[in-house]
Amino acid sequence: MSNVKFYSEIKSLQQQLQQLAAGYSATFILCDEHTEEHCLPLMRDALPDAFIIRVRSGEQYKNLGSCDIIWFALTHHHADRRALLINLGGGVICDMGGFAASCYKRGIDFIHVPTTLLAMADASIGGKTGIDFDHYKNQIGLFRPAAAVLICPAFLTTLDQRQLRSGLAEVIKHYLIADAAAFRRVEQNEKLSYDLALIARAVQIKSQFAEADPDEQHIRKALNYGHTIGHAIESHRLRTDVPLLHGEAIAMGMAVEALIAQHMDLLAEADADRVLAVLHRLFDLPVLSMEEIAAIVTLSAQDKKNTGATRRMALIDAIGSYVTDVAVGEEQIREACIWYNNGIS
Ligand SMILES: NC(=O)c1ccc[n+]([C@@H]2O[C@H](COP(=O)([O-])OP(=O)(O)OC[C@H]3O[C@@H](n4cnc5c(N)ncnc54)[C@H](O)[C@@H]3O)[C@@H](O)[C@H]2O)c1
Ligand SMILES: [Zn+2]
């Protein structure tokens with residue numbers, strides 16, 4: 001958490017960036033076409049000499065081809081080992097920029113300036129970097145901490161509502177595994193504001209879990225709540241013409257997994273009801289077709305956290321508390337999907 005700093009206004013973030021960049025031989029800013037248009041103008045004046053590297057936006061460009069562009073630009077502008085890369089963007093830019101910087105000349109420093117809620121509350125925190133490869137997400141990558149993570153909610157004003165809600169799912173997940181009071185604030189606030197208070201608590205929780213267990217041997221697994229089912233839904237939808245954003249799938253995953261926990265007698269019915277009420281209020285949870293339920297059962301068997309054929313899930317056993325490595329059978333998943341559907345009026 002020591003490398004994460006929060007700014008309520010862009011001016012202070014600019015000053016901090018200027019100060020940090022002064023210690024390097026050259027500064028490069030990585031962005032995509034959206035962050036170049038909407039976010040770069042907010043900080044360009046602070047770093048007039050920085051070189052801009054632009055890659056195309058979207059998960060499909062989180063790949064070696066984009067790294068090629070980054071490495072080519074660094075090489076072409078004679079970046080040495082004292083050069084700095086600033087990753088200005090969402091989770092794709094942070095993950096990929098962190099990876100490209102970590103490999104260039106065996107590693108140059110990078111700073112994340114996350115510009116989506118998801119990147120602020122999740123992707124920029126915890127030191128995981130990487131790219132997709134051969135249709136596998138985050139197949140190539142490494143752990144390397146950012147020299148700094150500078151978070152300012154002012155960037156969120158240009159982000160569309162759908163992307164904001166996708167990030168909100170991860171914020172709620174962090175609250176659900178670790179902070180009952182923060183979850184209650186979400187329950188009680190009819191209209192949420194995506195402000196520093198909301199983000200900072202999520203960041204604190206993510207950092208706490210990631211720092212205590214960097215290699216995901218024990219407690220970091222809790223961050224996967226909602227993700228066994230959520231990833232299965234996300235993968236299935238990717239093959240259809242109605243793909244979901246990551247957070248949208250995770251919101252559905254958290255709902256189904258709350259029902260799994262309830263029906264395993266891990267989670268009290270009253271708590272499961274509260275989780276579902278918030279998820280229904282904030283997300284447009286869609287009904288799962290029978291074909292989709294079958295796909296979820298199959299795809300969840302391929303989750304990285306499984307041991308052998310047994311599905312191992314991180315679940316909540318109360319609001320603000322988690323259990324990891326819970327063995328869950330196919331029938332329990334199928335039934336929970338049906339209960340999930342029954343809850344959609
Ligand atoms: N490293 C980790 O621990 C970790 C954790 C969670 C997710 N991730 C990764 O994060 C990625 C998803 O991140 P994401 O949801 O931020 O998606 P993203 O980076 O693709 O950004 C979403 C879209 O918003 C645009 N955008 C970004 N900031 C904007 C702004 N301020 N205004 C207008 N448009 C803006 C982007 O150009 C893009 O089109 C995935 O690749 C996922 O694997 C990593
Ligand atoms: Zn996630």
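Predicted model: local features only at pLDDT ≥ 70, side-chain atom pairs only at ≥ 80, totals over all residues.
The protein chain is assigned two domains, domain 1 (4–158) and domain 2 (161–342), and the shell around ligand 1 draws at least three residues from each of them.

**Loop residues with positive phi**

- Most residues other than glycine have a negative phi.
- R106 has a phi near 65°, which is a positive value in a residue other than glycine, and R106 counts as exposed because 7 other C-beta atoms lie within 10 Å, where the limit for an exposed residue is 12 or fewer.
- D265 likewise has a positive phi, near 60°, although it is not a glycine, and its place is the loop between α10 (246–263) and α11 (269–282).
- With 9 other C-beta atoms within 10 Å, D265 is exposed.

- Strand β5 (residues 109–114) has six of its six residues buried, so the strand is largely enclosed by the rest of the structure.
- From β5, the residues D109, I111 and V113 point one way, while F110, H112 and P114 point the other way, and all of them are buried.
- In a regular strand the side chains alternate between the two faces of the sheet.
- Strand β4 is also mostly covered, with seven of its seven residues buried; A83, L85, N87 and G89 lie on one side and L84, I86 and L88 on the other, so that both faces are covered.
- Strand β4 (residues 83–89) runs parallel to β5 and is joined to it by six bridges; within this pairing G89 stands opposite P114, and the bridge partner of L85 is F110.
- Together with the helix α4, the strands β4 and β5 make a right-handed β-α-β unit.
- On pairing with strand β2 (residues 26–32), β4 again takes part in the parallel sense, over five bridges, and here L30 stands opposite N87 in β4.
- Strand β5 also runs parallel to strand β8 (residues 148–151), to which two bridges join it, and the bridge partner of H112 in β8 is V149.

**The shell around ligand 1**

- There are 31 residues around ligand 1, and those that come nearest are H34, G90, G91, T116 and A123.
- Two or more residues of this shell come from each of the elements α2 (33–38), α4 (91–103), α5 (117–123), β7 (136–143) and α6 (161–178).
- By class, the shell around ligand 1 divides into eight nonpolar, 16 polar and seven charged residues.

**Contact between the domains**

- The C-alpha centres of domain 1 and domain 2 lie 28 Å apart, and 16 residues of domain 1 are in contact with 20 residues of domain 2.
- On the side of domain 1 that touches domain 2, the elements that give two or more residues are β1 (4–6) and α5, and α5 gives the most, with five residues.
- This side of domain 1 has 11 nonpolar, four polar and one charged residues.

**I296, a buried residue in helix α12**

- I296 is placed in helix α12 (residues 290–300), and it counts as buried because it has 26 C-beta neighbours inside 10 Å, where 20 or more are needed.
- Not counting residues up to four places away in sequence, I296 touches I229, A232, I233, H236, I333 and C337.
- Between I296 and Q14, which are 282 residues apart along the chain, the C-alpha atoms are separated by 45 Å.

Terms used:
Residues numbered from 1 in each chain as written. Chains lettered and ligands numbered in written order. Near = placed C-beta within 6 Å. Helix = DSSP H or I, 4+ residues; strand = E, 2+ residues; numbered from the N terminus. Nonpolar A, V, L, I, M, F, W, Y, C, P; charged D, E, K, R; others polar. Domains from an automatic or database assignment. Pairing = 2+ DSSP bridges. Right-handed = clockwise from strand over helix to strand, strands pointing away. Contact = placed C-beta atoms within 7 Å.
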